[in-house]
Amino acid sequence: MNSNTFNSAFNHLTLDETLDILIQNQFFLDNNIPESLIEIPQEKLRKANWLCSILSLSSEESHQQKALNFSTLCYLQNNDDLFLRNCYLTQSRTGNIPLGKHLAGLFDEDNFSNSFSTLLDFEVGLQRYNSIINIADHGFVTTRFQKRLWEALHNEKNNISISAPTSSGKSYIIQNYIINKSHISKSFRAVYIVPSRALIYQVSASFKRNLKDEGIVVRTGFGNDDNEISKKEIIVVTPERCLKLLELSSNSASSTEIDVIFIDEIQNVEKGSRGILLEYILKELYTRWPNAKLVTAGPYLERSENLLLELKVESVTPQMTTLSPVFQLKTVISASKQNKKALKASIVSPSGRIIDLNVKTMSSLFSKIKNNPGEALAHIVNIFGNDSKNIIYSHRTDTAENWAIKISENGKNVVKEILDERINELIAYLSEEVHEKYSLIRCLKNGVAFHHSGLPDIARTEIEDIYSNSSDILNLVCTSTLLEGVNLPAKKIFLIKPKTANSDLSDFDFGNLIGRAGRMSEHLYGSIYCIELDEEPWAKEKLTNDFSKEIISATGKALTENLDDLKIALMMDPKYIKANEGIAYTISILRHKLIQDKNELQEYLTTRKVDEADSKVIISQLKQNEASIIIPKELLALNPLVDPLLQDKFFRDIAQNGLNKWLITALPFNTKDITSAQEQREVAFEERNFYGQFEHVAEALNNIFDIVSEANNNSNYSTYTIRQIVRDTVPWIRGSSYKVLIERELEGVTEEDVVNRVDSAVRRVTKSINKNVRFLMVKYFKLWSDILKHFMSEEDIETHKYILNLCNMIEMGTDNPRGLELISKGITRTVALALVKRIPQSYTGSLDNWIQVNAKFVLPHLYLKHLINLGYKISN
């Protein structure tokens, strides 16, 4: 067939009119209003079906998408073998065979229940055979895009940039590719970069569950002495933890080869300091291991290969699709001041039209949406999500918690008399680790939860698991953690504010977010409900806009959109330009490049389209300070996001004044801090306990690097001081639970007022731990360790190696070597510290062996499940 035939079918009025009726009917079925269903004349339906059978043969993805949407809607609304077979035939022709698992009655065990006809039987049989991928003794069915990606990964020598919708299963293929390569190779090493610590556990646990070869190590971190290299290993880390890998490769006499480098959610290269770090990591990994296959992935990316080409990555092949396998019902719910007892539902039809309907309500929701969105959501979720699993998006952590409370308190959410065992276990954990009055506990009793980066790791992963695999949590209120790739399959998503914490939600992020509604492995379709006021419309435009974009790195933006501000900042003391992360970190990168390789700096500016005149100004300004820098450039390279001028200032201080006021000699596990912090400040540095010495060093580092300005950047809390940050850091290093820190926040609060204050105390503590402690203090104490070691003999480094590992203790939250080892294996901090308390100090064997034999006797079931998910074979 020629393109005119396909275009004629695509634009045919009969098809569009039928789709408009089908989408209305799906809305009625989605919300249990069967009496409103509209009958479609059989002749019209058959004609539309014929038109879609034509579209399913087109090579245009927009044509395939329309055919797929039509066949899905017909199947969902017709209990008829004809539409069942037509739906699968369309799935087969458009390359979406895995969706067939959702078609009830299609298969009898592994065979089709009924014949399609001789020719069609051959067609669908061949398509299904060609879609299968085999790993060892296991085969699985893939989409056409997944199969194409699989073949490119195995057969092409080129690096690959992937752009595909959220529900396309790209990460699934990458993980299976890495597993397959690890099985068939004599030696194999992959680096898998994830955007957040939360995803380290999710991805590493997935690898460990699916790996059958016990000789393959899954690593999630590195200790100071962690130079042991396995023949086969998969390293799952954030960009921050990847810095340690780069450092180890620099120090190793014979750097081990890396075969595959995968960077997920590559669009994060646009975001501030961590985007700049991700860009640096990408470039360094490729430079050091140019023979590795480099793969990046993200959703809705235009010209996704351009970022890699800009970074001088050679031979890049894009793998792209815009086809979304899962149908989405997209609806705008609008409240009007004039029509108080009705809501307007505007449905986005696959025809491209907007269909308006009225939905009666028992009460007015206009004022609630305007003034109390949490209460409005409680009513709206009950109307439109009463019998499904729902995700409610919130732009802030505190509002997520407040909305979850409102939803859980709604009259239709009744406290269960007998709670599921897993909910009881989670409640017991939260009471012990966080606080018994924490609002999440009250929410869980009503089948509601909230999910954000401030939750302890084990609570967050358990909520994800319960929500994904049971009906004990039906409503989950989430923040932008959903945009970071956390896999939470939802039948319906509700949005009332298109914002992130500090800005409007971009079209790209909006598309990425709603892509979570309906997952190919779980659903045939998903629903999105956007709530607005008729006087403040936003949703129709968001739902119909193009979600795609071309990535512009954070450094690229600083050198184009913010170039004038950057040139001004170049003339300032670097200590005072931290308010704009993008500019501050870009300047740091530019200074590093000038010092390391002047030619690379010029090339770097050219590839970012900085014109010759501006390049001269930038280089001239950078050179004014370069001559005075005395810190060795190989030492500078260990901390690429810290400005060289500030590093040089620190280096000079030690060179001139020695290590005496910088080297901490007291040990953190000596907890006999019987004197107050104030009394400690009045004695000589060398006589202070660990708290006193650590505070002194942190204050001295802050005087040079202005750590608190980074801590207070975009903070929703009162201004942090360096002493407050130290007050959070030291107990964290010593293994204190969140509860210890939270109860300290609540000192002096009356018993009656604790319920009202506990959530804000939890948010302040977890925010400080995640940003100030586990990011900023880790960054600056890593630099502290690197520079101190430069001035120390090998003998001195060996003597003080424990304290020089302080940055790892800060990140992992323990000063215990066994705890550090367990956490670096992917075990969450809470479980690792529980194990440390129970493993006899006299035990000298393998920690893994002890866990597999003894854990069941000493740990709660919730902790055991965590270990089992990580691949530990716990003895019965």
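A salt bridge here is a side-chain nitrogen of Lys or Arg within 4 Å of a carboxyl oxygen of Asp or Glu. Keep that cut-off in mind. And remember that this is a predicted model.

By that criterion, the structure holds 48 salt bridges.

Start with Arg591 and Asp643. Their side chains meet at 2.5 Å, N to O. Arg591 sits in helix 23, and Asp643 in the loop between helix 26 and helix 27, so the bridge ties together parts 52 residues apart in sequence. Both residues are buried.

Next, Glu603 and Lys312. The closest N and O atoms are 3.7 Å apart. Glu603 belongs to helix 24, Lys312 to the loop between helix 12 and strand 11, so this pair links parts 291 residues apart in sequence. Glu603 is partly exposed, at 39% relative accessible area. Lys312 is partly exposed too, at 40%.

Third, Glu699 with Arg723, again a salt bridge, at 2.5 Å. It connects helix 29 to helix 31. Glu699 comes in at 21% relative accessible area, Arg723 at 38%. There is also a network: shared partners join Arg422, Glu462, Asp465 and Lys865.

Last, Phe327, in strand 12. Buried or exposed? Its relative accessibility is 3%, so it counts as buried. Its contacts include Ile23, Pro350 and Tyr525.

Conventions: Residues are numbered from 1 along each chain as its sequence is written. This is a predicted model: local features need pLDDT of at least 70, side-chain atom pairs count only at pLDDT 80 or more; totals for chains, interfaces and linings use all residues. Side-chain values use heavy atoms; hydrogens and water are left out. Helices (H or I, at least four residues) and strands (E, at least two) are DSSP runs, numbered from the N terminus. Buried means under 20% relative accessible area, exposed over 50%, partly exposed in between (1.4 Å probe, protein chains only). Contact means heavy atoms within 4.5 Å. Lists of a residue's contacts leave out its neighbours within four places in sequence.
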